[in-house]
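User: I would like to learn how to read the features of a model like this one. Please show me the general idea each time, and then the case at hand.

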Amino acid sequence: MAVAGGAIAVIDARPDLVIVDPNQESALEDFVAQVGEACPEARFVACASNPSLELARFCMELDFRGFLPKSLSREAMIRALAVIVAGGSYVDRQFGRRLMRPGGGRSPLSRREETVLRRMSEGSSAAEIADGLGISFKTVDTHRVRAMTKLDLADRRALVRHALARGWLA
């Protein structure tokens, strides 16, 4: 069976653990749904090449059992995977503490902030977004800055990775 556009083939295998770099999977929600349907007992672990708080939130919303940066030491990675295999969950501490704050499991963005980021990730300019939404260029910029700060996104490349993980560009 092919999964996520043929990226992975599962042949008579029922993995206990599925480790994926959410930055590399273009439609993460679809991937998780397809693999989850084929292997309902599988636990998902994100091993992110470019981890961010919003990516951690998104993975937890998709019911991942772990969120680990690829930069984690070998020993820490083994400990984390052992916890997950034993039925627990593991989130790297730099993200875990921030996820535990009130509202940590929900997207911190307003609908307007999400709309602005979505349109930016699709290639629209701030002027085009302002015109389309009937707001000023400065308001678009304010929404962009607030949203990127909330999501811990440093630049447009990080925004595009976020959009890909969300399936906005699929």
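**Reading the fold, the cores and the helix contacts**

Analyst: The chain's secondary structure comes to 8 helices and 6 strands; helices (H or I, at least four residues) and strands (E, at least two) are DSSP runs, numbered from the N terminus. The model is predicted: local features need pLDDT of at least 70, side-chain atom pairs count only at pLDDT 80 or more, and totals for chains, interfaces and linings use all residues. Residues are numbered from 1 along each chain as its sequence is written, and side-chain values use heavy atoms, with hydrogens and water left out.

User: In what order do the elements of the chain run from the N terminus on?

Analyst: The order is β-β-β-α-β-α-β-α-β-α-α-α-α-α.

User: How is burial read, and what share of the 170 residues count as buried?

Analyst: Buried means under 20% relative accessible area, exposed over 50%, and partly exposed in between (1.4 Å probe, protein chains only). Here 40% of the 170 residues count as buried. Val35, in helix 1, is a buried case with a relative accessible area of 5%. Val160, in helix 8, is partly exposed at 28%.

User: Which residues touch the most other members of the largest nonpolar core?

Analyst: A nonpolar core is a set of buried Ala, Val, Leu, Ile, Met, Phe, Trp, Tyr and Cys residues joined through side-chain atoms within 4.5 Å. The largest one has 23 residues, and Leu28, Phe31, Val32, Phe44, Cys59, Phe64 and Phe67 touch the most other members. At least two residues of this core come from each of strand 3 (17-20), helix 1 (28-38), strand 4 (43-48), helix 2 (53-61) and helix 4 (93-99). Another core lies apart from it, with 15 residues, among them Leu109, Val140, Met148 and Trp168.

User: What is Phe67 in contact with, leaving aside neighbours within four places in sequence?

Analyst: The partners of Phe67 include Ala46, Ala48, Pro51, Leu55, Cys59 and Met60, as well as Tyr90, Val91 and Phe95. Ser52, Ala56 and Asp92 are also in contact with Phe67.

User: How do helix 5 and helix 6 pack?

Analyst: Axes are lines fitted to C-alpha atoms, for helices over the stretch in contact, and angles run from 0 to 180 degrees between N-to-C directions. Helix 5 (residues 111-121) and helix 6 (residues 126-133) have axes 10 Å apart and pack at an angle of about 135°. That makes helix 5 oblique to helix 6; angles under 35 degrees count as roughly parallel, over 145 as roughly antiparallel, 65 to 115 as roughly perpendicular and the rest as oblique. On the helix 5 side, the contact is made by Arg112, Thr115, Val116, Arg119 and Met120, and on the helix 6 side by Ile129, Gly132 and Leu133. By class, the residues of this contact are 4 nonpolar, 2 polar and 2 charged. Ala, Val, Leu, Ile, Met, Phe, Trp, Tyr, Cys and Pro count as nonpolar, Asp, Glu, Lys and Arg as charged, and the others, Gly among them, as polar.

User: At what angle do the axes of helix 5 and helix 8 cross?

Analyst: The two axes cross at roughly 100° and come within 9 Å. That makes helix 5 roughly perpendicular to helix 8. Leu117, Met120 and Ser121 of helix 5 meet Arg156, Leu159 and Ala163 of helix 8. The contact has 4 nonpolar, 1 polar and 1 charged residues.

User: Is His143 buried or exposed?

Analyst: His143 is buried, at 15% relative accessible area, and has its place in helix 7 (residues 137-151). Not counting residues up to four places away in sequence, His143 touches Arg112, Glu113, Val116 and Ile135.

User: Where is Asp63 placed, and what is its phi?

Analyst: Most residues other than glycine have a negative phi. Asp63 has a positive phi, near 70°, and is placed in the loop between helix 2 and strand 5 (66-69). Asp63 counts as exposed, at 58% relative accessibility. Asp152 also has a positive phi, near 60°, and is found in the loop between helix 7 and helix 8 (156-166). At 41% relative accessibility, Asp152 counts as partly exposed.

Conventions
Contact = heavy atoms within 4.5 Å.
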